[in-house]
Amino acid sequence: MPEDLFSSAGEQAEAAVAPLAVRMRPRSLDEVVGQQHLLGPGTPLRRLVEGGAALSLILWGPPGTGKTTLAHIVATATARRFVELSAVNAGVKDVRTVIDAARRDLAMTGRQTVLFVDEVHRFSKTQQDALLPAVENRWITLVAATTENPFFSIVSPLLSRSLLLTLETLRDDEVLTVVRRALDDPRGYAGRVRFTPEAEEHLVRLSGGDARRALTALEAASDGSDGDADLAEAIDLATLEQAVDRAAVRYDRDGDQHYDVISAFIKSVRGSDVDAALHYLARMIEAGEDPRFIARRIIILASEDVGLADPTALPVAVAAAQAVDHIGLPEGRLGLAQAVIHLALAPKSNAVIAAIDAALGDVRRGLVGRVPAHLRDAHYAGATRLDHGRGYRYAHDFPGGVVAQQYAPDPVDGRDYYAPSAFGAESGLAERLARLRGIVRADRPVRASAGGFRPRCTPEAPSADDLATYGEGSEPAD
């Protein structure tokens with residue numbers, strides 16, 4: 001009896017000092033906030049918990065979305081033995097020790113063991129391979145959590161033997177539900193602590209869809225207020241800012257500020273003010289703007305405002321977007337910042353957007369015409385009778401790989417859409433473009449360039465001497 005008493009007292013003391021996020025951990029699937037695509041009736045996870053099937057799981061999702069919570073629920077739903085390992089500090093020996101103990105327990109008592117491996121992507125291939133026999137023979141039920149794409153970070157045999165469940169970042173209203181539950185629940189503050197609406201809104205924004213982060217900030221702000229029965233005022237925004245050392249960014253993601261800040265960001269990059277661009281990037285990140293939205297705008301900027309003046313701009317922007325998608329925030333801020341700095345410092349050109357918009361303008365005005373007969377598909381029976389493909393000149397058969405030939409349909413033949421700027425790598429394209437146009441159009445009159453846009457730099461039309469020098473069959477100069 002005394003042992004039970006001491007055990008109970010010890011558990012109570014441990015619970016009293018446990019972090020708020022641990023105290024508020026859901027005890028059943030019905031208490032879990034968010035992830036409804038995984039928790040609905042008949043879903044594999046609910047069947048696993050309610051039916052007790054020994055099926056291994058891989059939980060993939062951002063931090064604070066419930067991966068550890070779901071592992072505990074799976075373990076406790078059918079009174080399985082629960083063992084937790086962190087891939088940060090556990091080795092192959094630790095894995096084998098758990099497996100051996102699980103086999104003994106299963107043989108002696110029939111009780112199954114749930115092995116929860118947090119950050120399983122940090123396990124080496126050898127460590128992951130050590131899990132395979134236990135998962136294959138169901139000596140353990142593996143529940144592995146990862147924030148990285150499991151198709152890249154987990155060995156295929158282990159992935160194929162497990163059910164992959166993808167968790168999503170919590171919405172603002174879901175984080176708010178978690179926060180208010182912690183304020184009202186006896187495991188939390190049981191109504192003893194309140195927040196002003198502004199502080200509550202900032203708390204949700206700080207979380208970035210991470211319930212654990214929200215509860216940690218709530219606990220930091222509530223420290224010293226808990227238990228004060230005479231607390232007359234709610235915790236305000238200033239108190240929250242001081243507690244979490246992060247100022248609230250006045251930024252409404254659905255209002256004017258959202259559009260104003262992103263507009264200023266775009267114009268700062270376009271205007272080559274790298275410091276202003278980084279300031280607006282930081283404001284968006286701190287305000288909880290979706291990093292994927294920022295990455296999409298950077299990709300657009302790379303083609304719209306830099307283009308071929310720096311041909312590396314678009315690959316850098318795309319790589320930043322992939323990095324954000326792969327690792328999320330906060331680390332993803334580095335890729336975004338790198339792309340912003342690259343684009344802001346790059347030479348600028350709007351020739352790409354001007355060219356495609358001019359071509360689209362002609363198409364929308366009906367300047368389409370029929371594809372010239374010699375360019376039409378000739379790989380079918382009867383094409384010869386229609387003269388399709390007849391007279392086509394294969395460019396590689398001519399010096400320099402360029403030959404005089406009509407490519408565009410008649411209504412737009414000779415129209416100039418692309419006009420390289422005089423900046424960066426694009427500056428060297430103007431002369432080459434003029435020479436190529438001179439060769440390709442050598443047997444046709446030079447026509448006016450397309451209207452409806454104003455390129456920064458319009459290359460001069462090829463002269464009569466150019467047409468003579470770079471005529472049919474001539475190799476263009478370097």
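Reader: Asn-149: buried or exposed?
Author: Asn-149 counts as buried, at 16% relative accessibility. Buried means under 20% relative accessible area, exposed means over 50%, and partly exposed is in between (1.4 Å probe, protein chains only). A note on the source: this is a predicted model, where local features need pLDDT of at least 70 and side-chain atom pairs count only at pLDDT 80 or more, while totals for chains, interfaces and linings use all residues. Residues are numbered from 1 along each chain as its sequence is written, and side-chain values use heavy atoms, with hydrogens and water left out.

Reader: Where is Asn-149 found?
Author: In the loop between β4 and α8 (150-153). Those labels are DSSP runs, numbered from the N terminus: helices are H or I with at least four residues, strands are E with at least two.

Reader: And which residues is Asn-149 in contact with?
Author: Trp-60 and His-326, leaving aside neighbours within four places in sequence. Contact means heavy atoms within 4.5 Å.

Reader: Trp-60 again. What is its bridge partner in β5?
Author: Thr-166. Strand β1 (57-60) and strand β5 (163-166) run parallel, joined by 4 bridges. Two strands pair if DSSP finds at least two bridges between them.

Reader: How many bridges join β1 to β4?
Author: 4, and these strands run parallel.

Reader: Changing topic. How many residues has the largest nonpolar core?
Author: It has 26 residues. A nonpolar core is a set of buried Ala, Val, Leu, Ile, Met, Phe, Trp, Tyr and Cys residues, joined through side-chain atoms within 4.5 Å. Leu-115, Phe-123, Leu-131, Ile-140, Leu-142 and Leu-158 have the most contacts inside the core.

Reader: Take Leu-158. What is Leu-158 in contact with?
Author: Past its neighbours within four places, Leu-158 touches Ile-58, Gln-128, Leu-131, Leu-132, Val-135 and Leu-142.

Reader: What about Pro-157: where is its place?
Author: Helix α9, residues 156-160. Pro-157 is partly exposed, with a relative accessible area of 32%. The C-alpha atoms of Pro-157 and Gln-128 are 9.3 Å apart, while the two residues are 29 residues apart along the chain.

Reader: Now charges. How many salt bridges does the count come to?
Author: The count is 20. A salt bridge is a side-chain nitrogen of Lys or Arg within 4 Å of a carboxyl oxygen of Asp or Glu. Arg-27, Glu-31, Asp-185 and Arg-187 are linked in a network of them.

Reader: How far apart are the closest N and O atoms of Arg-365 and Asp-362?
Author: They are 2.3 Å apart. Arg-365 is exposed, at 53%, whereas Asp-362 is buried, at 0%.

Reader: Which residue does Asp-416 form a salt bridge with?
Author: Arg-441, with the closest N and O atoms 2.6 Å apart. Asp-416 lies in the loop between α19 (351-364) and α20 (429-440), and Arg-441 in the loop between α20 and α21 (464-469), so the pair ties together parts that are 25 residues apart in sequence. Asp-416 is buried, at 17%. Arg-441 is buried too, at 15%.

Reader: What about Arg-292: which residue forms a salt bridge with it?
Author: Asp-290, at 3.2 Å between the closest N and O atoms. Asp-290 is partly exposed, at 26%.

Reader: Next, the backbone. Which residues does the cis peptide bond join?
Author: Leu-329 and Pro-330, with omega about 15°. Pro-330 is in the loop between α17 (313-327) and α18 (332-345).

Reader: Why point that out?
Author: Because most peptide bonds are trans, and most residues other than glycine have a negative phi.

Reader: So what is the phi of Glu-119?
Author: About 55°, a positive phi, although Glu-119 is not a glycine. Glu-119 sits in the loop between β3 and α7. Its relative accessible area is 25%, so Glu-119 is partly exposed.

Reader: And Ala-190, what is its phi?
Author: Ala-190 has a positive phi of about 50°. Its place is the loop between α10 (172-184) and α11 (197-207). Ala-190 is partly exposed, at 36%.
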